[in-house]
Amino acid sequence: NTWSVVTDAPVTEKKWTVTDVVQGLEYEFRVTAVNSSGLGEPSCETDSVFAREPIKPPGAVRDLKVTDSTYSTVSLAWTPPTHQGNEVANGCIVEMKSSGSTTWTRCNTVPVGVTSYTVKNLKAMGMYFLRVRAVNEGGLGEPLELDNYVLAMPPPVTPKFRLDETFKSFLIIKEGNSLQVQLPFQASPLPEIIWVKDGLPLPNHATVTYTNDATQLFISACQRSDSGIYSIILKNAFGQDSISFEIRATAIPKPPGPLTLNENVPNTVTVSWEPSTDELLDGHLHYVVMKRDSGRPTWHTMGDNIFNNKFTVLNIIPGCKYYFKVLAKNDLGCSEPSDSQEPWCVAKQKDHIALKVPNKKGVNNMSAPQFTVKLKTHIATPGSDVCMSCSVKGHPPPNVTWFKNNTYIGNYANFWSTNVCGVCSLCIFNASPRENGVYMVMAENSAGKATCSTRLTVRE
């Protein structure tokens with residue numbers, strides 16, 4: 001703690017070079033003013049300093065570049081400066097100035113000893129100038145500045161939707177329910193987001209929100225008028241992307257009106273009904289016609305996707321009683337049925353057809369049976385009715401007999417056959433797997449005989 005005087009006489013200048021020092025030792029210095037009255041109070045001592053050869057400030061760093069950026073940070077990397085002798089850098093200082101400012105401010109108060117640094121707490125989309133200076137005991141080196149300003153934003157990315165398997169291009173929503181559709185995307189800078197419905201701006205009750213990586217459509221209570229094609233466009237300076245999806249807002253349809261049943265063609269029933277009151281409101285509404293044998297509980301669909309108010313049911317068996325019902329159907333489901341109150345029955349009476357064959361003496365008009373339309377293969381579900389038909393000609397008119405697996409089919413309760421003017425039909429009611437097999441029809445007259453066969457498969 002001993003202070004030594006290093007000047008022999010008072011110094012009039014404001015600087016002095018101390019030469020009597022030992023290399024490697026650490027020294028502190030202070031100055032005392034003096035006049036004719038004596039010595040004044042000494043100054044504060046300096047920071048301690050080692051006696052050694054002078055150190056030059058380091059050179060400029062090299063290869064300064066931006067390695068990453070977000071809306072609040074910019075990451076930098078560089079190469080240390082080259083050095084000779086004792087010009088080694090002890091660290092680096094990063095400085096920045098914002099657009100419109102002329103003052104450089106330090107981003108770090110303590111020199112960083114690595115060759116990278118992340119500038120934080122930036123303003124999104126702000127414009128900044130950045131530079132780096134190496135530092136050692138000799139002072140600050142020359143700064144190296146980026147060639148251009150940097151925007152606080154992620155690296156440029158062309159807009160693109162990031163959709164997965166949960167995205168649906170067709171949505172059915174019940175009238176009155178809320179709708180929320182969220183679409184994630186990636187883009188930098190943030191894109192302009194445009195929503196349209198059927199090419200027009202969205203209605204006022206539709207709300208669109210967005211974040212840095214997603215946009216969302218929200219409708220608190222959907223109306224039928226909200227049905228349509230919705231398109232979204234993402235657009236920034238580096239490109240654009242678009243996507244569309246369909247929304248169909250609807251409700252369970254109201255049932256059709258009363259049914260009317262008519263037999264316009266023998267062995268058929270034409271079912272007519274008043275339209276559902278929702279028919280004009282829903283372009284996708286259609287009708288389903290179903291039939292049930294009075295002796296069975298199971299309903300069978302006779303017609304679907306019917307867009308008018310009339311349908312003809314074929315293969316009505318004379319003597320059987322049937323009930324019919326009609327349902328209105330749309331994308332959301334089926335209405336309550338409108339059904340026939342009383343069963344429908346076709347009488348078993350058959351019209352007698354008398355054919356007058358001209359008598360041509362000396363001409364033989366006999367011909368063996370020949371099938372002009374053959375049986376087709378049938379695949380049916382359990383409980384359904386199966387009707388197989390064919391056409392045969394011959395003279396005299398042939399007698400027709402049906403066989404299953406080469407066994408004659410007699411008067412079984414669930415089998416019914418007809419032969420009208422050469423059109424032969426076999427109907428099997430409430431088919432089950434036990435009806436599986438090969439069915440053959442044999443036509444025979446005095447001129448010969450012919451057969452035709454098919455296979456029936458009943459399975460789920």
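The model is predicted, so local features need pLDDT of at least 70, side-chain atom pairs count only at pLDDT 80 or more, and totals for chains, interfaces and linings use all residues. Residues are numbered from 1 along each chain as its sequence is written, and side-chain values use heavy atoms, with hydrogens and water left out.

**Exercise 1. Salt bridges**

Solution. 

Step 1. Start with the rule. A salt bridge is a side-chain nitrogen of Lys or Arg within 4 Å of a carboxyl oxygen of Asp or Glu.

Step 2. Take D331. Its partner is R248, and the closest N and O atoms are 2.5 Å apart. Strands are DSSP runs of E with at least two residues, helices are runs of H or I with at least four, and both are numbered from the N terminus.

Step 3. Check the burial. Buried means under 20% relative accessible area, exposed over 50%, and partly exposed in between (1.4 Å probe, protein chains only). D331 is partly exposed because its relative accessible area is 31%. R248 has 11%, so R248 is buried.

Step 4. Widen the view. E246, R248 and D331 are linked in a network of salt bridges.

Step 5. Take E175. Its side chain meets that of R224 in a salt bridge (3.5 Å, N to O). E175 is partly exposed, at 37%.

**Exercise 2. Two neighbours**

Task: Decide whether D198 is buried or partly exposed, then do so for K197.

Solution. 

Step 1. The side chains of D198 and K197 meet in a salt bridge (3.4 Å, N to O).

Step 2. D198 has a relative accessible area of 45%, so D198 is partly exposed.

Step 3. K197 has 14%, so K197 is buried.

**Exercise 3. The largest nonpolar core**

Task: State how many residues the largest nonpolar core has and which element gives the most to this core.

Solution. 

Step 1. Define the core. It is a set of buried Ala, Val, Leu, Ile, Met, Phe, Trp, Tyr and Cys residues joined through side-chain atoms within 4.5 Å.

Step 2. The largest such core has 22 residues. Those with the most contacts inside it are V269, V271, W273, Y287, I316, F324 and V326.

Step 3. Two or more residues come from each of β23 (259-262), β24 (269-273), β25 (286-293) and β28 (321-329). β28 gives the most, with 4 residues.

**Exercise 4. Backbone exceptions**

Solution. 

Step 1. Recall the background. Most residues other than glycine have a negative phi, and most peptide bonds are trans.

Step 2. P189 is in the loop between β16 (179-188) and β17 (192-197).

Step 3. P396 is in the loop between β33 (386-395) and β34 (399-404).

Step 4. At 66% relative accessibility, N406 counts as exposed.

Step 5. N430 is in the loop between β37 (423-428) and β38 (437-445). At 34%, N430 is partly exposed.

**Exercise 5. A nonpolar surface patch**

Task: Name the residues that form a nonpolar patch on the surface.

Solution. 

Step 1. Patches are made of residues with over 30% relative accessible area and no salt bridge; like charges are joined within 9 Å, nonpolar side chains (Val, Leu, Ile, Met, Phe, Trp, Tyr) within 5 Å. Areas come from the Shrake-Rupley method with a 1.4 Å probe, and for residues only the protein chains shown count as cover.

Step 2. V6, V11 and W16 form the patch, with about 290 Å² of accessible area together.

Step 3. V11 is in the segment before β1 (26-27). V11 has 35% relative accessible area, so V11 is partly exposed.
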